[in-house]
Amino acid sequence: MSELELKFEVPPQHRESLASQLRTHGARTVLLRARYFDTPDGVLSKNGVSLRLRNEEGQWIQTLKSPGAGAGDRFEHSVARTSVDGELPALQPSLHDGSPAAKAFRECLGDTEIALVERITTDVSRLAVTGQRDGTTLEVALDTGAVRAGGRQLPVCELELELKSGEPAVLWEVAREWALPQGLWLSTLAKAQRGTHLADGAKHGPAVKAATPRLSRQMGGEALVRAVVRSCLDQMLGNASEVAAGSTQEEHIHQLRIGLRRLRTALRELGPLATGIDAAWQAPLVEAFRRLGELRDDDTVARAVRPLLEEAGAPSVEWPRPDVAVDTTAIVRNSAFQAVLLHVIGFAHDKSQGGLNDRSTRQYVIERLRKLHRRVAREGRRFDKLDTDAQHRVRKQLKRLRYLSEFVADLFGIKRVEQYLEHLRPAQDALGAHNDAVIALEKFRNAARSDSEALFAVGWLQSHLRSSARRCKKALAKAADAPRFWK
């Protein structure tokens, strides 16, 4: 079966309030002790697959889970197991054969027979209630306890909302009612994943990178847009979950920003193909992108520009830092941002099938690609004559062209799209380096108001930007000649 579930991390100060609300609705407590099995190096967990034996009030249940169609959606297959005197039954993965989850399980392990070992234990007290709204049945559960692995442990305090039957729209509605007023935040980090990090001695998992959306040429507009949005969410939520959990790793923040830009591109370029997109989503997405970018500018730009200044013989000037530190955790946990995530997840899981048919959808996509390509080519021919704002717009247009091409690769042939993108990459790199220098110039201009030694950096960067703009113009000319895969 397919499981549609949302999980939220609960701040300690709101734990009792949530528990009290659940008891008011008739919730009861169940003790759950689970054992998770994996390869010695955690291959299953690293691919989003979990295999566990869990004791639920004296009954052992063996469950296999794997990723589903997108955020909140998972394939789940459970089998009741018998045991002697309540002891742990022997693990039998073959009991799940034939299920969608088993397919992912076998793909992880390949043809080799790898012995599975117990890697993670969880002890959880679940306060849960099942109720109905408008004919839809939901379970709301507050899990508290601990995850143990590798001789270490992490506390668990999370709220889970699971759709048992009925309309998914009700799940998103209830999630907003329960989570947002309490300051909860979405997390895609399953207990098995958190346990795997513990077993590996890591605080956080690897950053989640973009994947090509799985499309078919028979898709109409609605289905295509929702598939693309689900792909963007997979990248965004995986990294947002780590940042919200306290990660300050540069790659988590970088990949989250890429996910945000990809989502905004999808909504902008493909939005007219679908219904249900709200223009109000953009403001919180833009704000999160901008705030996270402040940290990126400090770290990445400094690393890119400082060696150039040192090579030019610039005096030793401290890199300008913002007056207030960027709190990336607060940015992701922000209620407005979390509310938009819930709306976008709801949109991505909507089953609406209206909009343009497959042929008209393909033609629409081609027109968008042509328009972006022509615009980049036209502005590229005079890039060195543009002001910095206009140059930055060209960079954003080039990024949108790249992302849109990646989104629709399944429709036109991945190999042909990749050949096209290869011609764009030198321009992307050149414009990225140029933009770093623009940001650095602005920082040193501000610093020069109180530190005269920063004036050298200002003068050198102004000269550097003129030659950098010419390099960008040359790279954009090559991008303009890229073989169009949509012809």
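Close-up 1. Strands (E, at least two residues) and helices (H or I, at least four residues) are DSSP runs, numbered from the N terminus. Two residues lie between β7 and β8 in this hairpin, and Gly-150 in the turn has a positive phi of about 60°. The model is predicted, and local features therefore need pLDDT of at least 70 and side-chain atom pairs count only at pLDDT 80 or more, whereas totals for chains, interfaces and linings use all residues. Residues are numbered from 1 along each chain as its sequence is written, and side-chain values use heavy atoms, with hydrogens and water left out.

**Close-up 2. Two loop residues with positive phi.** Most residues other than glycine have a negative phi. Glu-57, although not a glycine, has a positive phi of about 55°, and Glu-57 is found in the loop between β3 (50–56) and β4 (59–67). With a relative accessibility of 54%, Glu-57 counts as exposed; here exposed means over 50% relative accessible area, buried under 20%, and partly exposed in between, computed with a 1.4 Å probe on protein chains only. Asp-134 counts as exposed at 70% relative accessibility.

**Close-up 3. The largest nonpolar core around Phe-8.** In soluble globular proteins, nonpolar side chains tend to be buried together. A nonpolar core is taken as a set of buried Ala, Val, Leu, Ile, Met, Phe, Trp, Tyr and Cys residues joined through side-chain atoms within 4.5 Å. The largest such core holds 104 residues, of which Phe-8 and Leu-159 touch the most other members, and helix α6 (residues 221–244) gives the most to this core, with 13 residues. Leaving aside residues up to four places away in sequence, the contacts of Phe-8 include Leu-159, Leu-161, Ala-175, Trp-185 and Leu-342, a contact being heavy atoms within 4.5 Å.

**Close-up 4. Salt bridges that join separate elements.** A salt bridge is counted when a side-chain nitrogen of Lys or Arg lies within 4 Å of a carboxyl oxygen of Asp or Glu, and a search of the whole structure finds 34 of them. Asp-123 forms a salt bridge with Arg-33, with the closest N and O atoms 2.7 Å apart; this pair links strand β6 to strand β2 (residues 28–38), distant parts of the chain 90 residues apart. Asp-123 is partly exposed, with a relative accessible area of 24%, and Arg-33 counts as partly exposed at 36%. In a second pair, the closest N and O atoms of Lys-191 and Asp-143 are 3.2 Å apart. Because Lys-191 lies in helix α5 (residues 191–199) and Asp-143 in strand β7, the pair ties together parts that are 48 residues apart in sequence. Lys-191 counts as buried at 11% relative accessibility, and Asp-143 is buried with a relative accessible area of 0%. Lys-191 and Asp-143 also belong to a network of salt bridges whose members include Lys-7, Glu-9 and Arg-126.

**Close-up 5. The aromatic cluster at Trp-486.** Phe-412, Tyr-420, Phe-485 and Trp-486 form one aromatic cluster. Rings of Phe, Tyr and Trp (its six-membered ring) pair if their centres lie within 6.5 Å, and planes under 30 degrees apart count as stacked, over 60 as edge-to-face and the rest as tilted. Five aromatic pairs are found in a search of the whole structure, one of which is the edge-to-face pair of Tyr-420 and Trp-486, at 5.3 Å centre to centre and 70° between the planes. Tyr-420 lies in helix α14 (residues 414–447) and Trp-486 in the segment after α15 (454–480), so the pair ties together parts that are 66 residues apart in sequence. Tyr-420 and Trp-486 are buried. Phe-485 and Trp-486 form an edge-to-face pair at 5.0 Å centre to centre, with 85° between the planes, and both residues are buried.

Terms used. Pairing = 2+ DSSP bridges.
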